[in-house]
Every structure is written in C-alpha cells, then in structure tokens.
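Here is a short tour of the protein on your screen. Keep the viewer open as you read, and stop at each residue along the way.

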Amino acid sequence: MSISDNTTVFGFVRDLLSEGQAVDVRVMGQSMLPFFRSGNRIRLRPVRPGDLVRGHVVLGETEAGNFVVHRIVRVGASHIVLLGDGNVAGTETIPRERIYGIVDCGRLHLLLARIWLWMRPVRRYPLWFLRRICRK
C-alpha cells in the first residue's frame, strides 16, 4: 500500500472525472461528520448540468490548489461556496469551473443534509460529541 499526498491523488481523480469516469475515494478526516466518517468510501462522478445545488457534496479545488470534498452551501453565478459538514466555520469559495465531481446521495441523505445545514448555528454541540465517538 502506498500513500500519496492529497494534491497528487485528487489531481489524478480530477483528470479521471474530466475524462467522464466515476472514481471511488476514501474520506480522510472529520470535516464531513456526521455524514461521512474517516475511512468511508464515496463515489465521485463527473458534474452534469443542474448538479450544482445547495446541499450536494462535490469535489472542488480552491484557488490555492487544495482539493476539498464538501457540501454546497451557496450557489452563485460564477462561484460555489462550500462547507464541510463537520465544520462550523471556514467556507471555501470556488469558481464553478473548479468543481470536478459530485457524490450521488440519496433522498434521505439530502433531506438530513438540509436539516444539518439549517442547524449550522448550533451544530457545534452535536459535533463535539460525534468527534469523540468517531475518533480513528
């Protein structure tokens, strides 16, 4: 097993997505708790028209060249604002053309994500608990 840095791995994932391929990746870290725990496998597929909607989870690249798999909290004409479910602050604003893939989530996931987005002002409390029980 070899371990590569995020930029190299997600650069490769970006290239596969741009070729129209779906890619399975493992989530690392706690930025997407409670929906994705560290070690969970997710499937990214290329973005299609109409995919960039509040509540969906996407792979994007920041202006600084960092890759993130986070949830859309705001859709603008030229930029998308992302926030990890496990974060209470610290959004990323990414140009639309730097959103490369999307995680297909079921209806229940999207409904629960809407509730979680609505809970943003108070979600630090359940996150405190979740981070302690989900340590790896």
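## A strand residue to start with

Is Arg74 buried or exposed? With a relative accessible area of 53%, Arg74 is exposed, because the cut-off for that label is over 50%. You will find Arg74 in strand E4.

Setting aside neighbours within four places in sequence, the residues in contact with Arg74 are His79, Ile80 and Val81.

## How confident is the model?

Please keep in mind that this is a predicted model. Its mean pLDDT is 88, and 95% of the residues reach 70 or more.

Confidence is highest in strand E7 (residues 99–103), at a mean of 97. Helix H3 (residues 124–133) is where confidence is lowest, at a mean of 79.

Which side chains make polar contacts with the side chain of His70? One is the side chain of Ser31, at 3.1 Å. Another is the side chain of Glu92, at 3.0 Å.

Beyond its neighbours within four places in sequence, His70 has a list of contacts that includes Met32, His56, Val57 and Val58. Leu82, Leu83, Gly84 and Asn87 are also among them, as are Ser31 and Glu92.

## A cis peptide bond

Next, have a look at the bond that joins Leu33 and Pro34. This peptide bond is cis, with omega at about 10°. Most peptide bonds are trans. Pro34 belongs to the loop that runs between strand E1 (23–26) and strand E2 (41–46).

## A nonpolar patch on the surface

Which residues form a nonpolar patch on the surface? They are Leu108, Leu111, Leu112, Ile115 and Trp118, and together they have about 570 Å² of accessible area.

Ile115, one of the patch residues, is found in helix H2, which spans residues 107–118. Its relative accessible area is 42%, so Ile115 is partly exposed: that label covers values between the 20% and 50% cut-offs. A patch residue needs over 30% relative accessible area, and Ile115 at 42% is one that you can check for yourself.

Definitions and conventions:
Residues numbered from 1 in each chain as written. Predicted model: local features only at pLDDT ≥ 70, side-chain atom pairs only at ≥ 80, totals over all residues. Heavy atoms only, no water. Patch = residues over 30% accessible without salt bridge, like charges linked within 9 Å, V, L, I, M, F, W, Y side chains within 5 Å. Areas by Shrake-Rupley, 256 points an atom, 1.4 Å probe, with all protein chains shown as cover. Salt bridge = Lys/Arg side-chain N within 4 Å of Asp/Glu carboxyl O. Helix = DSSP H or I, 4+ residues; strand = E, 2+ residues; numbered from the N terminus. Buried < 20%, exposed > 50% of the residue type's maximum accessible area, 1.4 Å probe, protein only. pLDDT = per-residue confidence, 0-100. Polar contact = N/O pair within 3.5 Å; in protein donor to acceptor, adjacent residues only side chain to side chain. Contact = heavy atoms within 4.5 Å.
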